[in-house]
Amino acid sequence: MDAAHILQKLRGGAPLYEAEIYWFANGLAEGTVTDAQAGAFAMGVCTRGLGAEGRVHLTAAMVQSGETLRWDLPGPVLDKHSTGGVGDPVSLALAPALAACGAYVPMVSGRGLGHTGGTLDKLEAIPGLTTQLSVERLQAQVEEIGCAIVAANARLAPADARLYAVRDVTGTVDSLDLICASILSKKLAEGVEALVLDVKTGSGAILPDADAARRLAHALVETAQGAGCMTTALMTDMSQPAVPAAGNALEVIEVMKLLTGGAGASPRLRTLVEVLGGEALALGGMAADAQDGAQRIGRVLDNGDAAERFGQMVAAQGGPADFPEHWRDRLPAAPVVVELRAEAPGVVAGIDTRVLGDVVLDLGGGRRVETDMVNPAVGLSDLVSIGDAISSDQPLVRIHADDADDAEAAAAKVYGALSFSDRAVTPPTLIGERIG
Ligand code: URA
């Protein structure tokens, strides 16, 4: 078998044999497939598709490109994964909240993908923190603290580690087959018993169209359940960021406001953490039902247990030992902060959330090419929400930039991404359909 032959078949729309898919996934993991071939494969799958059978084979092949973790713990091993959005730091709060409820969460996450932000980049905004943990260290941390948030590596979903980075810079993010294999290869390799998937729809989602997102949700649930993992998907709204911020450190601030009970915690973030966490606890047998589970999550958010777990996780991964107490002083801040103000009174009618993700990239908060350094401090904060009534000259958003020129360019783009009405606007429903 050779890569060129497989790529030629893919280009012509011929179905790939299971053995060819396994050969390619192993080649990605072992480095015998080049970046050019990986990019061509991603483009081929994006444009031609693999079909339901091919998607299941790619997922299984990517899991088997590395190890699958085995656990012997006094509580269930659970996880949650999002299909990706802008201003979506739910995982950072949810992993420690689940751990505080007695579950174990070995969360293998991703970096920024296309216009969307990545959990790993957000967590790494905390000085000193690493997400590059060996398998042994990951297992020890999960046994001791209950949660860890780490990157895929040479032993854990290595084929995804390669393909993910290539997709990010080759315009091959929005493929149902690739998303399905990417997410599930990480989750199945973790050895989780139950999984909740947050499938985003709306302008900031990787698949903005609701029907496409629904197809993705069904494909994810069927593939995960077929592999023996209890899985539920919730469709949730991404027609505006989940929190009123986008950018790595700025999203960590939103998480810390929620975990430490500070003023101004985002109600949308709290709802997402409670609802997704409640589903996970119910699936794992730790709650009577999803509603009971959501209440349990609410309690550990309020009583400080989730914040304590978050602090332990941060310290164990090399971050400051006093992060929950001193997060405001520990996070990096951008040198230039400017406010974009409303030109006239009105109601916020819509947000092109994808543009906000692109603005964060323009400011340096993500990667255009694989080798780009991410600036953790830049981005957007204090963003208005759909349905907000605003007066003339009211601040719409704060832009955090490295210099005034960047801030000015970002302001023009953000203004163009907002639309206004002179009538009342109903905010979008945050939690949609449940699948699985
Ligand atoms: N998250 C992932 O891990 N992979 C994707 O392709 C999309 C979201």
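Leaving out neighbours up to four places away in sequence, R434 is in contact with T232 and L234, where contact requires that the C-beta atoms of two residues, placed from the backbone, lie within 7 Å. The structure described here is a predicted model, in which local features need pLDDT of at least 70 and side-chain atom pairs count only at pLDDT 80 or more, while totals for chains, interfaces and linings use all residues. Residues are numbered from 1 along each chain as its sequence is written.

R434 belongs to strand β12, residues 431-435; helices (H or I, at least four residues) and strands (E, at least two) are DSSP runs numbered from the N terminus. R434 has 14 other C-beta atoms within 10 Å and is therefore partly exposed, since a residue is buried if 20 or more other C-beta atoms lie within 10 Å of its own, exposed if 12 or fewer, and partly exposed in between, with C-beta atoms placed from the backbone. Between the C-alpha atoms of R434 and G51, which are 383 residues apart along the chain, the separation is 24 Å.

The domain assignment, whose bounds come from an automatic or database source, divides the chain into domain 1 (3-64), domain 2 (78-328) and domain 3 (336-421). The C-alpha centres of domain 1 and domain 3 are 38 Å apart. An unreviewed UniProt entry annotates residues 347-421 as "domain: Pyrimidine nucleoside phosphorylase C-terminal"; such positions are given in the numbering used here, feature names are shortened, and annotations may be inferred rather than shown by experiment. Over residues 347-421 the chain is 33% helix and 28% strand, with the end C-alpha atoms 5 Å apart.

The largest nonpolar core comprises 149 residues, and those with the most contacts inside it are A93, A97, L98, L220 and L380; a nonpolar core is a set of buried Ala, Val, Leu, Ile, Met, Phe, Trp, Tyr and Cys residues joined through C-beta atoms within 7 Å. Beyond four places in sequence, L220 is in contact with C180, I183, L184, L197 and A233. L197, in strand β4 (residues 194-201), is buried because 26 C-beta neighbours lie inside 10 Å. Apart from residues up to four places away, L197 touches H81, A217, L220, T231 and A233, and its C-alpha atom is separated by 5.1 Å from that of H81, 116 residues apart along the chain.

L176 lies in helix α9 (residues 176-189) and is buried, with 22 other C-beta atoms within 10 Å. Its contacts, not counting residues up to four places away in sequence, are R215, L216 and A219.

Most residues other than glycine have a negative phi. A157, however, has a positive phi near 50 degrees; this residue is placed in the loop between β3 (147-151) and α8 (158-168) and is buried, with 31 C-beta neighbours inside 10 Å. D382 likewise has a positive phi, of about 55 degrees, and lies in the loop between β8 (379-381) and β9 (389-390), where D382 is partly exposed, with 16 other C-beta atoms within 10 Å.
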